[in-house]
Amino acid sequence: MTIQDRFCPKCGKPLETDGFCPSCRAADTAWAVCDTRVASTHCPSCGATKQVNTWTDTDREQAEIAPDLARSAVHFHPDVKKRAIAVEVRDISPNRSRAYLTITGTLYGLSMEKTCTVELVWHKEQCDRCNRITGSYYEGIVQVRADERNLSPFELEAAAAIATQIEESLIAGGERLSFISDMTENKDGLDITVGSQHIGLMIVQAITAQFGGRYTTHPKLVGEKNGRQLFRITYLVRLPRYQRHDVVKLERVYVEVEQVDSRHMRVFDLSEGRSRSIKEDEILRRIGNARNAQPALVAYIAGGMMGLLDPETGVTKEVQKKPWHTVDVGGNVQVLRDGDTLVVMR
Ligand SMILES: [Zn+2]
Ligand SMILES: [Zn+2]
């Protein structure tokens, strides 16, 4: 017979080891502590939520946020295992909800359970982005213009779509201040007011990648904040004078513009039926854009010529039938008008 010489000093239970028994240890440990109140701050305009001093966009509604917010009020002792918190939330007013928590876990092999009530406070505060937008703060303006002509409706629409797409992807990537606060068409082109220099640069790069042309940046000192100089940048985009599908007259032939960059122009020669490069100064004038071509009925084909029914006058006009024109009598070709001449598109 051995003499049991270890006992829990609190309840007197015999023990294998020194110290208190598990029940007495558990009973003395604050295994789960609840804050009585937790607050969440969100922007009433855009729904973004604030954690410490950082705003984050979220699609979650208050009802979805509430259980997680309530759980954040619980602090477990590090020895607690199998932690679980069941939450029931009741809204009391627009600014207050009450959460009823049932907290369970195990401590030193014993099952623990307790309940607590947490007040959820819903603060409203305008976020950094909405604050800048309503305060008309901006860091740059992108001005989209064309060289010696107006922007086409197509270019206006496409440039606006490119800008919006870039804004969406930057904001989704967490760049909250890369917003577009204003986008206006005016007689010169399109003006896009942007919240950061980064989005301004991304927009001009994307627009010139799509349409060719060039951009220049013009910083202007607008003030100082915390010893740092504040600049506002104007990004000026100049789209090329000629755009894709423009049909232009050279000295002897008409060509359709296929591609423009700062130095070269790739065109489709509507006489020879093939692509080639030209210099911009070979162009005499622009007659239109192939997107605006009209269909003309082919009335006859004879002796290397074809008779086209002029879509505007209804009179038949004769034009040369080039070997690359693959059309039969009774079919249609697309034409642009240059004075009295009908120019057949491809
Ligand atoms: Zn004990
Ligand atoms: Zn906001």
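Reader: How are the donor residues of the zinc ion (ligand 2) spaced in sequence?

Author: This is a predicted model, and what follows is computed from it. The zinc ion (ligand 2) is coordinated by the SG atoms of Cys43, Cys46, Cys127 and Cys130, at 2.3 Å. Written as a pattern along the sequence, the spacing of these donor residues is C-x2-C-x80-C-x2-C.

Reader: Which parts does the pair Cys46 and Cys127 tie together, and how many residues apart are they in sequence?

Author: Cys46 belongs to the loop between strand 2 (37–42) and strand 3 (49–51), whereas Cys127 belongs to the loop between strand 8 (110–124) and helix 3 (128–134). The pair therefore ties together parts of the sequence whose separation, in residues, is 81.

Reader: What is the arrangement of the four donor atoms around the zinc ion (ligand 2)?

Author: Four donors count as tetrahedral if all angles lie between 85 and 135 degrees. The four donor atoms around the zinc ion (ligand 2) subtend angles of 105 to 113 degrees, and the arrangement is therefore tetrahedral.

Reader: Is Cys127 buried or exposed?

Author: Buried means under 20% relative accessible area. Cys46, with a relative accessible area of 29%, is partly exposed. For Cys127 the relative accessible area is 1%, so this residue is buried.

Reader: Where is Glu148 found, and is it buried or exposed?

Author: Glu148, which has a positive phi of about 55 degrees although it is not a glycine, is found in the loop between strand 9 (140–146) and helix 4 (153–172). A residue counts as exposed when its relative accessible area is over 50%. With a relative accessibility of 62%, Glu148 is therefore exposed.

Reader: What is the phi of His245, and where does this residue lie?

Author: His245 is partly exposed, its relative accessible area being 22%. Although His245 is a residue other than glycine, its phi has a positive value, near 75 degrees. The place where His245 lies is the loop between strand 13 (228–239) and strand 14 (246–249).

Reader: How are helix 4 and helix 5 oriented to each other?

Author: Helix 4 packs with helix 5 (residues 197–211) at an angle of about 140 degrees, and their axes are 9 Å apart. The contact is made by residues that include Ala158, Ile162 and Ile166 of helix 4 and Met202, Ile203 and Ala206 of helix 5. Angles over 145 degrees count as roughly antiparallel. The crossing is right-handed, and the orientation of helix 4 and helix 5 to each other is therefore oblique.

Conventions: Residues are numbered from 1 along each chain as its sequence is written. Chains are lettered from A and ligands numbered from 1 in the order in which they are written. This is a predicted model: local features need pLDDT of at least 70, side-chain atom pairs count only at pLDDT 80 or more; totals for chains, interfaces and linings use all residues. Side-chain values use heavy atoms; hydrogens and water are left out. Donors are N, O and S atoms within 2.8 Å of the metal (3.2 Å for Na, K and Ca); water is not among the atoms, so sites may look incomplete. Four donors count as tetrahedral if all angles lie between 85 and 135 degrees; four count as square planar and six as octahedral if opposite donors are over 155 degrees apart and all others between 65 and 115; anything else is irregular. Helices (H or I, at least four residues) and strands (E, at least two) are DSSP runs, numbered from the N terminus. Buried means under 20% relative accessible area, exposed over 50%, partly exposed in between (1.4 Å probe, protein chains only). Axes are lines fitted to C-alpha atoms, for helices over the stretch in contact, and angles run from 0 to 180 degrees between N-to-C directions. Angles under 35 degrees count as roughly parallel, over 145 as roughly antiparallel, 65 to 115 as roughly perpendicular and the rest as oblique. A crossing is left-handed if the near helix is turned anticlockwise from the far one by less than a right angle, and right-handed if clockwise. Contact means heavy atoms within 4.5 Å.
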